[in-house]
Amino acid sequence: MKDATYRIVVMGVSGSGKSCVGALLARRLGVAFIDGDDYHSPTSVAKMAGGIPLDDEDRREWLEALANLIGDHRRRDASLVVACSALKQRYRELLRQGDPELVFLFLQGERAQLRERLAAREAHFFRGDAMLDSQLRDLEVPDDHEAVTCSIGDVPDTIVDTFLEVLPRCRG
C-alpha cells in the first residue's frame, strides 16, 4: 500500500465522526485531509445554523467544489482523505467525477447515538433534531460494493484499523 495512492471519502450523517476518523486516517496514511464542512458556502452555513436543512441545490456547488479538489489530487497522483456526508448515491457519483476510483468509508450509527454526539457539540453550525432527521431521511445507505461500512460504536482507531485492512482491495 505504500506506493499506492488513494482518494478516500469518509461519509455519514452529521455526528457520525467523519472529521475525527478522516483526520486520523489521513495522519495514519501520511496524506492530506480536507474537512468538507470547510467548503460550504456562507449561505449554506447560515441556513444550517438556523436549523434549516440543506436541499439538493444547496449541496450541488459544495459537492462540485469537493469533486474538483479530489480531481486535482488524482491528476497529481496524490492521496487525499475527505470528510463529506455524501448522503445520496447521486452525490457520491458527483464526487466520483473527480476520481472514478474514489473509495468510500461509511460511518453508520443509530439515531440515539448520533443525537447524543450532536448534543455534546458546542461550536458547530449543525443544530437540532430536525436537521439530523432530515439527513437520516436523505441518507441512501451505500451497499458493500460502494463503500466499506464501519460502526460508529467502535473507537476511531479500530475503525481506521479495519478500513486500512481492506483498503488495498477497494480498487474498482
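Two strands count as paired if DSSP finds at least two bridges between them. Strands themselves are DSSP runs of E with at least two residues, helices are runs of H or I with at least four, and both are numbered from the N terminus. With that in hand, look at F33: its bridge partner in β3 is V81.

A quick word on what you're looking at. This is a predicted model, where local features need pLDDT of at least 70 and side-chain atom pairs count only at pLDDT 80 or more, while totals for chains, interfaces and linings use all residues. Residues are numbered from 1 along each chain as its sequence is written, and side-chain values use heavy atoms, with hydrogens and water left out.

Now zoom out to the sheet. It is an open one, built from 5 strands in the order β2-β3-β1-β4-β5, with parallel pairing. The edge places go to β2 (32-35) and β5 (148-151); each has a single partner strand, so one side of each is left without a neighbour in the sheet. From one strand to the next, the twist averages 20 degrees.

For directions, axes are lines fitted to C-alpha atoms (for helices, over the stretch in contact), and angles run from 0 to 180 degrees between N-to-C directions. Helix α1 (residues 18-29) packs on the sheet and touches β1 (7-11), β2, β3 and β4 (103-108), with its direction at about 155 degrees to that of β1. Helix α3 (residues 56-75) also packs on the sheet, touching β1, β2 and β3, and its direction makes about 170 degrees with that of β3.

Let's stay with α3 for a while. The expected span of a helix is 1.5 Å times one less than its number of residues. For the 20 residues of α3 that gives 28 Å, and the end C-alpha atoms are 28 Å apart, which agrees. At the start of the helix, a side-chain oxygen of D55 reaches to within 3.1 Å of the backbone nitrogen of E57. Just after the helix, D77 takes a positive phi of about 55 degrees.

Which residues of α3 are buried? Buried means under 20% relative accessible area, exposed means over 50%, and partly exposed is in between (1.4 Å probe, protein chains only). By that rule R59, W62, L63, L66, A67, I70, G71 and H73 are buried in α3. Take H73: its relative accessibility is 10%, so it counts as buried. Leaving aside neighbours within four places in sequence, H73 is in contact with R7, A32, A78, S79 and L80.

Next come the charged pairs. A salt bridge is a side-chain nitrogen of Lys or Arg within 4 Å of a carboxyl oxygen of Asp or Glu, and a search of the whole structure finds 13 of them. In one, the side chains of D58 and K47 meet at 2.5 Å, N to O. D58 lies in α3 and K47 in helix α2 (residues 42-49), so this pair ties together parts that are 11 residues apart in sequence. D58 counts as partly exposed at 21% relative accessibility, and K47 does too, at 22%.

Another salt bridge joins E57 and R60, at 2.8 Å from N to O. These two are 3 residues apart in α3, so about one helical turn separates them. R60 is partly exposed, with a relative accessible area of 35%. D72 and R76 also meet in a salt bridge, at 3.2 Å, N to O, and D72 is partly exposed at 31%. Elsewhere, R28, D157 and D161 are linked in a network of salt bridges.

Finally, have a look at some loops. You'll find A86 in the loop between β3 and α4 (89-96). Is A86 buried or exposed? With a relative accessible area of 0%, A86 is buried. In the loop between β2 and α2 sits D37, which is partly exposed at 24% relative accessibility. D37 and A83 are 46 residues apart in sequence and 7.8 Å apart in space, C-alpha to C-alpha.

Notes. Contact means heavy atoms within 4.5 Å. A polar contact is a pair of N or O atoms within 3.5 Å; within protein, one must be able to donate a hydrogen and the other to accept it, and residues adjacent in sequence count only if both atoms are side-chain atoms.
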